[in-house]
Amino acid sequence: MKRKSIALCMAVCLCAGIFTGCGKDGESQETAQKMQNEQDKQEKEQPSVVSTVFNGELEHDVTIQVLENDTAVSKGYFAELIEAFNEEYAQYGIKAVDANMDQYLDLANDGPYGYGPDVLYQANDIIMQYAEGKHIYPLPAEKMECFEQIPEAAWAAYRIDLEGTAYTCGVPVNVQAPMLYYRKDLLPQDWENVWDENGNKIPDMAENWNAMYAYSVSRHAENSSQYGYMKSLFDVYFSSGFLFTYGGYIFGNNNTEPADIGFSAGEAEKGAWVLSQLASTMNEECIDDSITTNAYSKLADGTYFATITTPDMYSTFLEEMILAYEEEGLSKEEARAKAEENLVMTTLPALPESGDLTEEGASFLAAKSMGGINGYAVSAYTKHPNACLAFVEFATSYEMMVRRSELLGVAPARNDAADAVGGTSQLLYNNLEAGNIVLMPSIKEVSQIWTPGETFFIDLAKDAFRPEEEKKYTDLDAMKKGLEGVDQQIYDAIFTLK
Amino acid sequence: MRKKWNAGKILDTAITYVILLAVAFVFFFPCLWLILASFSKSGSIYSFDGFFPAQYSTASFVKLFTDTTMYNYPKWFMNTLLIAAGSCALGTFLTILTAYTMSRFSFRMRKPMMKTTMVLGMFPSFMGMTVVYLLMTQFGLINHLGGLILIYASGAPMGYLTQKGFFDTIPRSIDEAAKIDGATNFQIFTKINLPLSKPIIVYTALTSFTWPWSDFILPKLLLKEKNLYTVAVGLMSLDETEFARFAAGSVFIAVPIVILYFCLVKNMVNGIAEGAVKG
């Protein structure tokens, strides 16, 4: 009897649950419409999030935690920055301190529990992933002093569209894009006669990839333990620029449409062909990340003539070269002077229109590359948003951006700072404005491009070391098919389980 | 009587030695390589002359303790020592108490408790990481070395079965004799059983020390500030160009364990000898 009563009770509960979904159609629609209108009305009446949070009233007597990147900390720039800021804002009792956390923090997990920094410095793709998860505050960018000085392309990397409103979630600080590093003292003795066709006192190897390829071949032929250009080709960040130069892209509609994947678009296969030709002048270490890791010491000891990596690694190359010169018997000062003279960092050489690195009298295209904009953002978990904004304003001022560039060798995103610093910073800034730097998409689907891309580039690099009859990418059609496969794999990765 | 050596015996001994040497080499070689790499002058793994460094120096060790701007190894080392020592003291105390109670006293639910702890001990500790993290945030123990000591020490008694097995081997007749002489339970434990249990206490202390000393997952989860890192987490955060520093740090971390072992091994042997029931 007891059992039956329990069973009956459970059956009634179950039916009650099922019937809760019943009701007049019109009634529920009416209710939903009413709720939607109410919500819209409330949203219209509410002041925008940006002006509510950043109301201009500085919080007094507070400490804000700032997370900078390791290079800025190790080179002493960050200490200078917070010292200058603390001096300026001492009257308000605002103090900035080092968040003292790993630069690759997990704001999404730690922030809600109060363990993240208040201000963070990260690449645009990372910040925008946090922005999508609402872990970052949108900023009143237009009201900031640096707004006019930073190009629209850089601001666009930090913009997110939510329910028809565009929000800016970060302030661009410096442009990151691949740069060519080479050693002037490893150029041939007669380079000014033989390797400077246009007589502009810049070696042809730094101006076009055809000359770089030819020099790589000749250097390795002269001494089999030495190489010309060396780079780990599997790295999508560095290798995809070769595809972009010939019409490839990541996502359509300015990198906002994940359904339109374009690694194989245009004549991107020519870029793959260039990579394949360059691989043939390297050794098998180009297949994995060995060269990326050993490039610092191998460039310093003269094994490699050139490589590409981001501008913030300049100081690491320089330190390695100083050590190498010291081992040759030079004093510290002499070694530094010699290293600074011989280590050259410049923008990427031009690519031949045909994709053929052996073509004579070729016409060239300006090389495109994948890049990023590193910048500051304010955590949505901070208790002092106005003090944080004041810090971001201070850190992105003209003086601090110039100082940052001088100490770290990075290219500022501010036009006036890039002008003042000149050199490669100016070149990088110009490249950004000219559209030769394809900024990493700021949508979360970008996380799916790396593995398929790496798989293809590894296979392409391996091809250079396969016996002739086993080669997979023997012509442009095969390379096109390979790239189409990459597009399909990325599409599947994004949409299969969506 | 002299042993007779025939061809079969010699071959058998030779093969045994060859196998033992090969196994020893397999285990010893990575350690040797790491020690030599820590003395590499260039600091880069790519400048090695074949498998070993081309030139040697102590620069990596000097840098490890002097260049603390980015990587504060001395601080990490002291953090690790504090956590390991704290966990060792508290964990050993709790484990010994648990094991002694389970071995010597009969009470209701004793058997079910033993079975439950045995089953719970079969689950890997990292399964509860999410819960541990959430609990620690609620208690405000993230970024606190004390939080780690608490977790390690409170988890240690779960592995009390070995210690219980040891206490079971101490004859109860000694306890009964002491009871007849008027000793309390506390006196029996401290004056009789504890001195006889030196070997297992040393064993428990060693294992309680080595686990937090080399653990990575828990400190990585709970310590967000670089100055609070343990050596394992700190070494993992080194830049890819800092190989020699990594090797030097890895070699130096073995020093306290080795010292501890040599200090305690004597007590371990003495304990075994003293713990024997004499006629």
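Buried area is the accessible area (1.4 Å probe) that two parts lose on being put together, summed over both. The views show a predicted model, in which local features need pLDDT of at least 70, side-chain atom pairs count only at pLDDT 80 or more, and totals for chains, interfaces and linings use all residues. Residues are numbered from 1 along each chain as its sequence is written, and side-chain values use heavy atoms, with hydrogens and water left out.

**View 1. The interface of chain B and chain A.** Together the two chains bury about 1,800 Å², of which 53% is on carbon and sulfur atoms. Chain B contributes 19 residues to the contact (heavy atoms within 4.5 Å) and chain A contributes 18 residues.

**View 2. Salt bridges across the interface.** Two salt bridges (a side-chain nitrogen of Lys or Arg within 4 Å of a carboxyl oxygen of Asp or Glu) are found between chain B and chain A. In one, Lys226(B) meets Asp70(A) at 3.2 Å, N to O. Lys224(B) forms a salt bridge with Asp110(A), with 3.0 Å between the closest N and O atoms. Lys224(B) lies in the loop between α11 (217–222) and α12 (231–236) of chain B, and Asp110(A) in helix α6 (residues 107–110) of chain A, so this pair joins two chains. Helices here are DSSP runs (H or I, at least four residues), numbered from the N terminus.

**View 3. Helices α3 and α10 of chain B.** The axes (lines fitted to C-alpha atoms over the stretch in contact) of α3(B) (residues 73–104) and α10(B) (residues 198–214) come within 8 Å and cross at roughly 140°. Residues in the contact include Phe77(B) of α3(B) and Trp213(B) of α10(B).

Methods
Chains lettered and ligands numbered in written order. Axes fitted to C-alpha atoms, helices over the stretch in contact; angles between N-to-C directions.
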